Amino acid sequence: MPDDLLKALDGSLERLQMEQVDLYQIHGPVSPCSNTELGDALGDALAAGKTKAVGVSNFSEKELREVYAALSKRGLQGRLVTNRGSVPFEQIDLFSAGRFS
C-alpha cells in the first residue's frame, strides 16, 4: 500500500507536468497499512523532493501521533502541516510549537 501512495503521487505529478507539489494530503486512514508505514511513505515522498509538505484528514489523535512519530524518526516532523477533520486545532498548534510528542 505505501508503494501505491507514491505511485499515485508520481502519476499526479506526471499529469500535472510538475516535479513537486506543495502539499500531499491523505484523505483518511489507510487501512491496508499501518500509520507508521503511511508515515514512512510520506517521508519517502518528502525525501525524494516530490512534495514540500504532507498532511492528513480525518485521523484520530492516536493515528496522527503514529504518522508524526514515523516522520520524526527521519527529522521530518515539521513537514506534517495539516490535519483536517478529527483533531482539534489546539493539537495542531502543538506541531508548530514543536511540542507534539
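With which residue does Arg74 form a salt bridge, and how far apart are the closest N and O atoms? Arg74 pairs with Asp44, the closest N and O atoms being 2.8 Å apart, where a salt bridge is a side-chain nitrogen of Lys or Arg within 4 Å of a carboxyl oxygen of Asp or Glu. This pair links distant parts of the chain, with Arg74 in the loop between H3 and strand E3 (80-84) and Asp44 in helix H2, 30 residues apart. The structure is a predicted model, in which local features need pLDDT of at least 70 and side-chain atom pairs count only at pLDDT 80 or more, whereas totals for chains, interfaces and linings use all residues. Residues are numbered from 1 along each chain as its sequence is written, and side-chain values use heavy atoms, with hydrogens and water left out.

The secondary structure comprises four helices and three strands, taken as DSSP runs numbered from the N terminus (helices, H or I, at least four residues; strands, E, at least two). Along the sequence these elements follow the pattern α-β-α-β-α-β-α. Of the 101 residues of the chain, 39% count as buried; buried means under 20% relative accessible area, exposed over 50%, and partly exposed in between (1.4 Å probe, protein chains only). The chain exposes about 5,800 Å², of which carbon and sulfur atoms supply 50%; accessible areas come from the Shrake-Rupley method with a 1.4 Å probe, and for residues only the protein chains shown count as cover. Among contacts with a separation of 6 or more, 77% are accounted for by residues 24 or more positions apart, contact meaning heavy atoms within 4.5 Å.

In soluble globular proteins, nonpolar side chains tend to be buried together. The largest nonpolar core here has 23 residues, and those with the most contacts inside it are Ile26, Leu38, Leu42 and Leu71. Such a core is a set of buried Ala, Val, Leu, Ile, Met, Phe, Trp, Tyr and Cys residues joined through side-chain atoms within 4.5 Å. At least two residues of this core are supplied by each of helix H1 (2-16), strand E1 (21-26), H2, strand E2 (51-57) and helix H3 (61-72). H2 provides the largest share of this core, five residues. Apart from its neighbours within four places in sequence, Ile26 is in contact with Leu5, Leu38, Leu42, Gly55, Val56 and Ser57. Val56 lies in strand E2 and is buried, at 0% relative accessibility. The C-alpha atoms of Val56 and Val81 are separated by 8.5 Å, although the two residues are 25 residues apart along the chain.

Helix H2 (residues 35-47) includes Asn35, which is buried with a relative accessible area of 11%. Leaving aside neighbours within four places in sequence, Asn35 is in contact with Phe59, Glu63, Glu66 and Val67. In helix H3, the buried residues are Leu64, Val67, Tyr68, Ala70 and Leu71. These residues cover an arc of only 160° around the axis, which puts them on the same side of H3; the arc is that of the directions from the helix axis to the C-beta atoms. At 1.5 Å a residue, the 12 residues of H3 should span 16 Å, in agreement with the 16 Å between its end C-alpha atoms. The expected span is 1.5 Å times one less than the number of residues in the helix.

Side chains of opposite charge can pair when their charged atoms come close. The count comes to five salt bridges. One of them joins Asp10 and Lys50 (2.6 Å, N to O). Asp10 lies in helix H1 and Lys50 in the loop between H2 and E2, so the pair ties together parts that are 40 residues apart in sequence. Asp10 is partly exposed, at 32% relative accessibility. In the pair described at the outset, Arg74 is partly exposed, with a relative accessible area of 35%, and Asp44 is partly exposed, with a relative accessible area of 35%. Glu66 forms a salt bridge with Lys62, the closest N and O atoms being 2.5 Å apart. Both residues lie in helix H3, four residues apart, about one turn of the helix. Glu66 is partly exposed at 24% relative accessibility, whereas Lys62 is exposed at 56%.

Strand E1 contains Asp22, which is exposed at 53% relative accessibility. Asp22 and Lys50 are 28 residues apart in sequence and 8.7 Å apart in space, C-alpha to C-alpha. Beyond its neighbours within four places in sequence, Asp22 is in contact with Thr51, Lys52 and Ala53.
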